[in-house]
Amino acid sequence: MPIYQQFIKHILNPLDLWRSGDYAEIRYFKEFERTQFLPPDELQELVWQRLRNILHLAYCRIPYYKLVFDRAGIVPDDIKTDSDMLSVPILEKRDVQTNLQTMLDPEFPKHRLIFDQTGGSTGTPVSYYYNIERKWARQAAALRHDCWSGYDVGQRLASLWGAARDMPTPGWKQKIKSLIFPKILQLNSIQMTPKLMLEFHEQLKRYRPPIILAYANALALFASFLKRQNIIVYQPKGIITSAEVLTLEDRQLIEETFGAPVFNRLGCREFSVVASECEQHNGMHIMAEGLYIELVRGSRHTENGETGEILVTDLLNTAMPMIRYRLGDTASWDTGTCSCGRALPRINNVAGRVTDFIVGMDNRLCSGVALATFIVAKRPSFGQIQIIQEEYGKILYRIGGGKDRTLNQDGIDFIRQQTEMYLGKGMQIDFEYVDSIPHEASGKYIFSRSKIAQEIFR
Ligand SMILES: [Zn+2]
């Protein structure tokens with residue numbers, strides 16, 4: 001590690017955290033560095049100790065949970081095993097939206113509370129609070145998972161991101177900080193014109209960040225653009241992708257173009273990093289010391305390998321406990337141990353959000369991302385495809401941005417054939433041609449959306 005970077009990591013960064021009152025982040029980081037390698041039974045005991053603690057705290061101090069537990073006819077002592085958790089009602093986003101004040105510990109000191117809210121790209125924003133200790137733990141957790149990709153404190157970083165709220169205008173303190181600490185080279189994924197992408201490519205070559213952090217689809221778009229330019233692409237040491245579903249094709253494209261391994265991640269505004277890949281790229285290890293994760297289908301937990309909805313219980317937010325919060329994303333459990341030696345359980349997050357699934361003719365669930373990318377991979381002239389399902393037995397293919405302004409019979413036949421293979425016989429298919437398929441306001445790209453997929457899960 002270069003001397004200046006060591007100076008930042010061991011002297012300047014701790015000093016800066018100490019000055020801002022956030023030094024405890026380092027304590028959490030050291031703790032998480034250790035606990036990730038605990039033997040499985042000790043890690044399990046740690047998680048359950050924290051889970052029991054948060055359940056008790058919620059029942060004793062939080063008006064909302066007192067009511068929820070009483071209505072369900074349970075007390076925290078009833079929860080002794082994973083399956084006992086099924087008796088605790090699921091926390092929906094709308095529950096948090098309507099009960100914000102009664103979900104907060106009335107005795108919690110206001111000056112130690114942090115208010116935050118989700119971006120709302122998939123609906124009404126959800127507002128919530130967490131305690132300042134949780135902030136430190138979140139930052140430490142994100143740093144631990146960043147380090148799995150080869151990142152270290154004090155290194156340069158590039159980001160291809162879209163959420164404008166995550167990029168605040170710097171104040172004078174930040175400006176001074178940016179003179180000392182390496183800045184983050186940013187490309188806003190909401191605007192990815194050829195000119196801006198070429199500029200970003202030049203900046204990458206000059207700045208040479210070892211790690212690139214990116215929205216998966218935005219980086220895939222950037223990669224395919226660079227590939228077409230026939231230029232020598234800057235090669236970082238590692239790439240962290242997040243916020244969107246990473247398809248196998250996109251992973252290959254990104255890894256080939258940038259000559260660096262991809263570390264995929266599942267994160268969210270509410271809980272920061274939920275799970276991410278280690279250097280073995282063997283599913284994603286969950287942030288188990290801070291989050292108790294369940295995967296459910298209806299009123300049961302999923303079998304190993306079966307896709308289910310992710311429920312999150314935040315083990316460290318003592319100001320506003322969130323118990324069995326339905327994230328909206330799906331995943332399946334990955335079995336067996338990981339050769340990295342970390343006992344943190346692993347999930348696979350292939351299809352993403354519940355609404356990203358398309359419902360087939362026999363109620364089968366098909367990943368809309370997989371179907372859309374498969375079709376475009378086989379017929380690149382379509383440009384982009386978005387699949388919309390408003391009702392059962394019917395789907396709309398929105399096609400745009402490609403060379404083909406209209407579909408010829410061969411294209412139509414191909415799509416019909418693939419639809420039948422993936423979704424079953426008898427699906428009604430409509431087509432719509434658009435100039436280009438826009439990103440969401442957050443900069444994310446939506447491959448598919450089904451209004452009825454959630455009925456299958458719940
Ligand atoms: Zn691992």
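Which residue of β8 is the bridge partner of G267? In this predicted model, that partner is V273.

Strand β8 covers residues 272–276. Five of its five residues are buried, so β8 is largely enclosed by the rest of the structure. A residue counts as buried here if 20 or more other C-beta atoms lie within 10 Å of its own.

β8 pairs with β7 and with β9. A hairpin of three residues links β7 to β8. The β7 strand spans residues 262–268, and the β9 strand spans residues 284–286. The table sets out both pairings.

| Strand pair | Sense | Bridges | Residues facing each other |
|---|---|---|---|
| β7 and β8 | antiparallel | four | G267 and V273 |
| β8 and β9 | antiparallel | two | A275 and I286 |

**The nonpolar cores**

The largest nonpolar core holds 55 residues. Those with the most contacts inside this core are L160, A214, Y215, L219, I239, I358 and I387. Helix α9, residues 216–229, gives the most to this core, with eight residues.

What does L219 touch, once its neighbours within four places in sequence are left aside? L219 is in contact with L160, A214, T241 and I254. Of these partners, L160 and A214 are also listed among the residues with the most contacts inside the core.

A second core is separate and has 51 residues. Its members include M103, Y292, I310 and I323.

Terms used: Residues numbered from 1 in each chain as written. Predicted model: local features only at pLDDT ≥ 70, side-chain atom pairs only at ≥ 80, totals over all residues. Buried ≥ 20, exposed ≤ 12 C-beta atoms within 10 Å, placed from the backbone. Pairing = 2+ DSSP bridges. Core = buried A, V, L, I, M, F, W, Y, C linked by C-beta atoms within 7 Å. Contact = placed C-beta atoms within 7 Å.
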